[in-house]
Amino acid sequence: MSHYLVKRVLMMLLTLWIIVTLTFSLMHSIPGDPFASESDQLPEQILANLRAKYNLDEPLPIQYVLYLKNLIMLDLGPSIKSDTRGVNDMIADGFSASATLGLQAIAIALFFGILFGIIAALNRNKWLDYIAMAMAVLGVAIPSFIMAPLLINLFAIKLPLFPVATWGTWMHTVLPSLALAFGPLAIITRYMRASMIEVMNQNYIRTAEAKGVPTFQLVVKHGIRNAILPVVTFLGPLIASLITGTFVVEKIFAVPGIGKYFVDGIFNRDYPVILGTTIFYSSILIVTIFLIDIAYTLIDPRIKLTNKEG
């Protein structure tokens, strides 16, 4: 186990380094710099001083090494377009709102996705199955940026139940969480249905049914545990994407999350913000995938993290 953990940690660090290197290279491959749009408004000496302040006058290899040195110290650097705030501060401020929405969306998607998938599998080719699959198709077909205005129109305008375009209480999180959850809920429903049908057709399930074991006990004790592995696989990228912010939904609902900083960083060509948010998202994605691998062994003891050949 210790050998496996060390190997995985090294692979995670290598993956993160590759992501940092590629992102850094792609950003600087675009002609110009963050101050290119201001070249006609500011004197050349002031532009030169600004570029020197952020090391943009140095050769790219030097800039890369300087950035890596700061990154090792967990310093994501200052925002070029904000004189008073660093990238660490921006992520810290935005992560709370993004994580709140993301965790709520994950909880909604998991609970109802697993529930609807089980109901559809146990009622295969019946009207409950057709309803669940119709909802799944709609969830996949309608993206979150379309679902968000629909929810606003229905539950904030026609039925003024929830506030929008502000932030502060749990009531403000309901509609954006639902908008984020609808797509993943549909995917989880489809995964769970397909996996549950396969599990319920296994010989050991049929043997238990023949012995008179109640269906509820079969589903809870044997079915869910063996059918949920595809859902767990899907959770890795889902968790990372939701808790780090989805900028379209955050923009629609005026949520002060990380997505706002990422979009602004791209428009402003704010290199540290783009790099910082990318690294933050990638780190969470890498860690969640690692935790998902560990969760496999807890759900199914037959799955081992180590092998004798390795």
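Here are a few questions and answers about this predicted model.

It is a predicted model in which local features need pLDDT of at least 70 and side-chain atom pairs count only at pLDDT 80 or more, while totals for chains, interfaces and linings use all residues. Residues are numbered from 1 along each chain as its sequence is written, and side-chain values use heavy atoms, with hydrogens and water left out.

Reader: Is Ser282 buried or exposed?
Author: Helices here are DSSP runs of H or I with at least four residues, and strands are E runs of at least two, numbered from the N terminus. Buried means under 20% relative accessible area, exposed over 50%, and partly exposed in between, with a 1.4 Å probe and protein chains only. At 6% relative accessibility, Ser282 is therefore buried.

Reader: Which residues is Ser282 in contact with, leaving aside its neighbours within four places in sequence?
Author: Contact means heavy atoms within 4.5 Å. With those neighbours set aside, the partners of Ser282 are Leu16 and Ile19.

Reader: How far apart are the end C-alpha atoms of residues 101–122?
Author: The unreviewed UniProt entry lists this stretch among its "transmembrane region" annotations, and such annotations may be inferred rather than shown by experiment. In the model the span is 100% helix and 0% strand, and the distance between its end C-alpha atoms is 31 Å.

Reader: What is the phi of Ala254, in the loop between α11 and α12?
Author: Most residues other than glycine have a negative phi. Ala254, partly exposed at 41%, isn't a glycine, yet its phi is positive, at about 55°.
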